[in-house]
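Got your viewer open and a selection box ready? Load the model below, and we'll go from the whole chain down to a few side chains.

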Amino acid sequence: ELFAAFVGSIWRQGLCEYLTQFTHKFYLSPIIKWVMITNPWLFKLEEMYFNQWTPKLDGSCCDKALVKGVTTIVTQALQSRRVRKIVDEQMFSVHYTFPPHFSKDSPEPTPPSIGVQTPTGTIGRNIVLLTHTINRFHIENAPAVRSTLSKWALYEVRLNFFNPYHHLTGLVEVNLTHEREIEHPLWCIAGSDSRLSTMLMNLSDYFFAYGLEVEPLIEHIASEHGDECNHGA
């Protein structure tokens with residue numbers, strides 16, 4: 001599972017670029033997490049909420065086609081070279097794997113599986129991040145765990161405190177909203193009296209920018225899967 005997650009991530013970015021970011025993970029991520037963000041001896045820890053979303057997606061595509069667009073970018077391990085080239089140039093790359101024995105006909109969310117996030121930008125963002133991810137996209141109109149805006153929950157991303165290879169602690173969702181946006185709500189534990197709260201606001205701006213960047217690709221892939229709409233929207 002971990003091997004599949006890394007292979008998909010390397011395919012998206014290329015081996016040399018990926019290895020540079022991979023090494024940062026071992027020494028930067030634990031320090032940022034346990035010393036600078038979720039340190040109960042330095043900060044007053046509270047749950048903080050942020051949400052980001054893409055612009056409204058193409059109304060001519062049905063919900064199933066839009067979900068197919070998202071899962072092609074996020075979960076499909078080896079994308080077409082055309083999609084790979086676009087993803088490689090974007091500011092955020094993610095690969096949430098299919099778990100072992102995955103069945104799209106299962107009526108239940110999948111068990112947690114390894115996910116890999118690879119932001120780009122400053123050295124603080126140039127770190128390969130590991131997550132525990134539950135897939136819900138295969139269940140039509142699956143309910144979200146926490147979001148009240150969601151129409152179809154796609155992913156539930158758990159950022160566990162004991163995971164040293166992600167700098168945040170909390171819960172992230174990826175959902176298709178009733179307004180046909182892809183939302184990315186985050187509930188994280190952080191020091192409300194820390195100057196790093198400003199950094200988290202910058203993180204929100206970062207994902208708003210990514211939403212603008214990824215929207216055309218989602219719509220393009222969705223338009224190529226119009227046959228998904230023949231099975232209901």
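## The whole chain

Start with a surface view: the protein exposes about 11000 Å², and carbon and sulfur atoms supply 62% of that area (Shrake-Rupley areas with a 1.4 Å probe; for residues, only the protein chains shown count as cover). Before you zoom in, note that this is a predicted model, where local features need pLDDT of at least 70 and side-chain atom pairs count only at pLDDT 80 or more, while totals for chains, interfaces and linings use all residues. Residues are numbered from 1 along each chain as its sequence is written, and side-chain values use heavy atoms, leaving out hydrogens and water.

Switch to C-alpha atoms, which fill a box of roughly 55 × 40 × 35 Å along the principal axes. The radius of gyration is 17 Å, in agreement with the value near 17 Å for a compact globule of 233 residues (taken over C-alpha atoms; the globule rule is 2.2 Å times the number of residues to the power 0.38).

Now colour by secondary structure.

Colour by burial next: 53% of the 233 residues are buried (under 20% relative accessible area; exposed is over 50% and partly exposed is in between, with a 1.4 Å probe and protein chains only).

## The aromatic cluster

Select Tyr96, Phe98, Phe102, Phe137 and Tyr155, which form one aromatic cluster. Rings of Phe, Tyr and Trp (its six-membered ring) pair if their centres lie within 6.5 Å; planes under 30 degrees apart are stacked, over 60 edge-to-face, and the rest tilted. That rule gives 11 aromatic pairs.

Zoom in on Phe102 and Phe137: with centres 5.9 Å apart and planes at 40 degrees, this pair is tilted. Phe102 sits in the loop between β2 (92-96) and β3 (113-119), and Phe137 in the loop between β4 (129-135) and β5 (150-159), so their pairing ties together parts 35 residues apart in sequence.

Tyr155 belongs to strand β5 and is buried at 1% relative accessibility.

## Last stop

Finally, select Trp11 and Arg84. Arg84 lies over the face of Trp11, 5.0 Å from the ring centre (the criterion is NZ of Lys or CZ of Arg within 6 Å of the ring centre and within 35 degrees of the ring normal).

Methods. Helices (H or I, at least four residues) and strands (E, at least two) are DSSP runs, numbered from the N terminus.
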